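Here is a short tour for someone meeting this protein for the first time. Keep the sequence and the 3D view open while you read.

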Amino acid sequence: MKLFLPIYELLASVLIFCVDWLIHQLNLFMQYQTIILMIGIGLLILVVSSVYLLSRRRGFVNYCKSLNDTGRLRRFLRQQNSINDFTSKTKVNLDQRIYNSALWYTYIDYAADSMEVWVCIPNNFKAKKVLDSNLDDISQEVSSYTDKYICSGHTRKGNFYVYKGEKK
């Protein structure tokens, strides 16, 4: 989640600038216009400092690669909804929803000479069984993203499976 924090901050600042523009155009709440503008500028400064701090250790290119490959891994692991044959609507499967919601905490972190893949373990037993069946595929999938790193087996740290990789 920490990798995507600058993106969320940027979206919030764009939203605040849109609200400020709307206030200016409609002449509503004019007394709050400068305060909202200052909050938007403050969020933009926070975005720049967050990107700087997150990319200082790993480099900006590795930071962007982490964002891209994290999205690819989440799409790879995601379980698709099944459709009911009679009503043509999606079936509600709570185990599948718990599994897919745990994927939001899964991320890939590239550093200058190493990489780590953190896969969140769901709290549900059936969802955990689905994840356990995909563990071998995860290392193969991550290895296909880049040929610069060798990915090792996984170890468990708290609520995560951690794959570590080193540069070739």
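Helices α1 and α2 are roughly antiparallel to each other, a label given to angles over 145 degrees. Their axes cross at roughly 160 degrees and come within 9 Å, with α1 covering residues 5–26 and α2 residues 33–58. The crossing is left-handed. Where α1 touches α2, the contact residues split into 17 nonpolar, five polar and two charged.

A quick note on what you're looking at: this is a predicted model, in which local features need pLDDT of at least 70 and side-chain atom pairs count only at pLDDT 80 or more, while totals for chains, interfaces and linings use all residues. Residues are numbered from 1 along each chain as its sequence is written, and side-chain values use heavy atoms, with hydrogens and water left out.

Helices and strands here are DSSP runs numbered from the N terminus (helices H or I with at least four residues, strands E with at least two). Angles run from 0 to 180 degrees between N-to-C directions, with axes fitted to C-alpha atoms.

Now for another helix pair. Helix α4 (residues 94–102) packs against helix α5 (residues 125–133) at an angle of about 60 degrees, and the axes lie 8 Å apart. That makes α4 oblique to α5, the word for whatever is left after under 35 degrees (roughly parallel), over 145 (roughly antiparallel) and 65 to 115 (roughly perpendicular).

Two strands count as paired if DSSP finds at least two bridges between them, and the table lists the pairs.

| Strand pair | Bridges | Residues standing opposite |
|---|---|---|
| β1 and β2 | four | D109 and E116 |
| β2 and β4 | seven | S114 and E166 |
| β3 and β4 | seven | Y149 and K167 |

β2 takes in residues 114–120, and β4 takes in residues 160–167. K157 has F160 in β4 as its bridge partner. The hairpin of β3 and β4 has two residues between the strands, and G158 there takes a positive phi near 65 degrees.

Last stop: where is the largest pocket? Its lining is made up of F4, G71, R74, R75, R78, N100, L103 and W104. A pocket here is an open set of points on a 1 Å grid where a 1.4 Å probe fits, with protein on both sides within 12 Å along at least five of seven lines; lining residues have an atom within 4 Å of a point. The space in the largest pocket comes to about 170 Å³. Helix α3 (residues 60–77) gives the most to the lining, with three residues. By type, the lining has three nonpolar, two polar and three charged residues. Asp, Glu, Lys and Arg count as charged, Ala, Val, Leu, Ile, Met, Phe, Trp, Tyr, Cys and Pro as nonpolar, and the others, Gly among them, as polar.

Technical notes:
Grid points are joined across faces, edges and corners, and a volume is the space filled by probe spheres set on the points. A crossing is left-handed if the near helix is turned anticlockwise from the far one by less than a right angle, and right-handed if clockwise.
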